[in-house]
Amino acid sequence: ATGDSSSGAKDGAGAAAGDDKAEGAAAAAGKEKEPSSFTVTAPCRVVPHQVKHMALPPGSRWVPVKRGAPLSGILVLRDTTPDEPVEYSSSSTAGGAEAADAMDTDAAAPAAAPAAAADANGSPAAAAGPEMAPELVEKLSKLRDILSGKTPIGLNLEFLYHNNKADVQILKNIKGAVDARVSVAHSATILANALMHAGTSIDTFLRDNLEWLSRATNWAKFSATAGLGVIHRGQLQQGKALMAPYLPREGHSGSPYSEGGALYALGLITANHGGATQPFLTEGLRASSNPIIQHGACLGLGEPH
């Protein structure tokens, strides 16, 4: 009896151990291994700290034009296999295929009338362009101003004007300390003023010291006039009017150094956006035989236009 009970106990223990192992194996099989990566279906929802972990699938046909560019925001892609056909995804139309067919039918019907009119008259009818809503026209105008640089330049001028921290007293101290008869020191003070007020349109120091400024001669006068272009850089609309008293004029004989410097200043004012002033500078170069004026016109044209 004892032997029977002992053998039965061992059989029961072995069965219990077998059940535990089976349950453990089933639990291990049920717990899937966590993947090391996954495909993002909505890249626009990637948060900033996840960007560094983003990567294109191996063998992707479309890759960024800029190598190593972060996979976020707007990306410009290039086709690595341009010879293969491209499949484009089409957006669904509200209402399904029937609504899309109806829209195509409605759009095709009015188009028959102009065609018939053209045949009746014997000449093709002029295609009328689509009329844009005023709101869209305004938005496009703003976009054009931004891309052309008009808006950024205006904002830059306003920022520099309101945030000008130049200490005019320093210029006054330098002016009082140097002898105006020393042309090098005189020119250095004028150029210092131009650099201190570059792009701010603030020429108060020069206007308050016209008598002192008039002591500049020859190439010093050329540089002093050209310095106005540094101060008023970006005044695309008013640049020519600001420099008008110094620019060459028909029937007026002025200092060639002042006129040449004014042409150079006009080129500095409209640098990178001088399409409107380029003909004027070109005409100034051709109309004058004075090498000083020609020198200023060439420098003005040499600024990127």
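These legends describe close-up views of a predicted model.

**View 1. The protein chain as a whole.**
The protein chain holds 13 helices and two strands. It has 305 residues, and buried residues make up 23% of them. Consider the contacts between residues at least 6 apart in sequence: 59% of these join residues at least 24 apart.

**View 2. The largest pocket.**
The largest pocket holds about 740 Å³ of space. Its lining counts 21 residues, and the closest to the pocket centre are Phe38, Thr39, Val40, Met54 and Ala55. Sorted by class, the lining has 13 nonpolar, seven polar and one charged residues.

**View 3. The second largest pocket.**
About 410 Å³ of space lies in the second largest pocket. Its lining is made of 18 residues. Leu210, Leu213, Thr225, Leu228 and Tyr246 lie nearest the centre. Helix α9 gives the most, with four residues. By class, this lining has 10 nonpolar, five polar and three charged residues.

**View 4. Aromatic pairs.**
The whole structure contains four aromatic pairs. One of them joins Phe205 and Trp212, with ring centres 5.9 Å apart. The planes of these two rings meet at 70°, over the 60 degrees required, so the pair is edge-to-face. Both Phe205 and Trp212 are buried. Elsewhere, ring pairs link Trp219, Phe222, Tyr257 and Tyr264 into a cluster.

**View 5. Thr189 in helix α6.**
Thr189 sits in helix α6, which spans residues 183-196. The relative accessible area of Thr189 is 2%, under the 20% cut-off, so Thr189 is buried. Which residues does Thr189 contact, leaving aside its neighbours within four places in sequence? They are Leu171, Ile174, Val178 and Trp212. Trp212 is also the ring partner of Phe205 in the edge-to-face pair.

**View 6. Ser288 in the loop between α12 and α13.**
Helix α12 covers 278-287 and helix α13 covers 291-302, with Ser288 in the loop between them. Is Ser288 buried or exposed? Its relative accessible area is 17%, which is under 20%, so Ser288 is buried. The Ser288 side chain reaches the backbone nitrogen of Asn290 at 3.1 Å. Not counting residues up to four places away in sequence, Ser288 touches Ile293 and Gln294. Ser288 itself belongs to the loop, while residues 291-302 form α13.

**View 7. Pro279 in helix α12.**
Pro279 has its place in helix α12. Its relative accessible area is 52%, over the 50% cut-off, so Pro279 is exposed. How far apart in space are Pro279 and Leu301, C-alpha to C-alpha? The distance is 9.5 Å. In sequence, Pro279 and Leu301 are 22 residues apart.

Terms used
Residues numbered from 1 in each chain as written. Predicted model: local features only at pLDDT ≥ 70, side-chain atom pairs only at ≥ 80, totals over all residues. Heavy atoms only, no water. Phe/Tyr/Trp six-rings, centres within 6.5 Å; stacked < 30°, edge-to-face > 60°. Buried < 20%, exposed > 50% of the residue type's maximum accessible area, 1.4 Å probe, protein only. Polar contact = N/O pair within 3.5 Å; in protein donor to acceptor, adjacent residues only side chain to side chain. Contact = heavy atoms within 4.5 Å. 1 Å grid on protein atoms, 1.4 Å probe; cavity = no way out; pocket = protein on both sides within 12 Å on 5 of 7 lines; lining within 4 Å. Points joined across faces, edges and corners; volume = space filled by probe spheres on them. Nonpolar A, V, L, I, M, F, W, Y, C, P; charged D, E, K, R; others polar.
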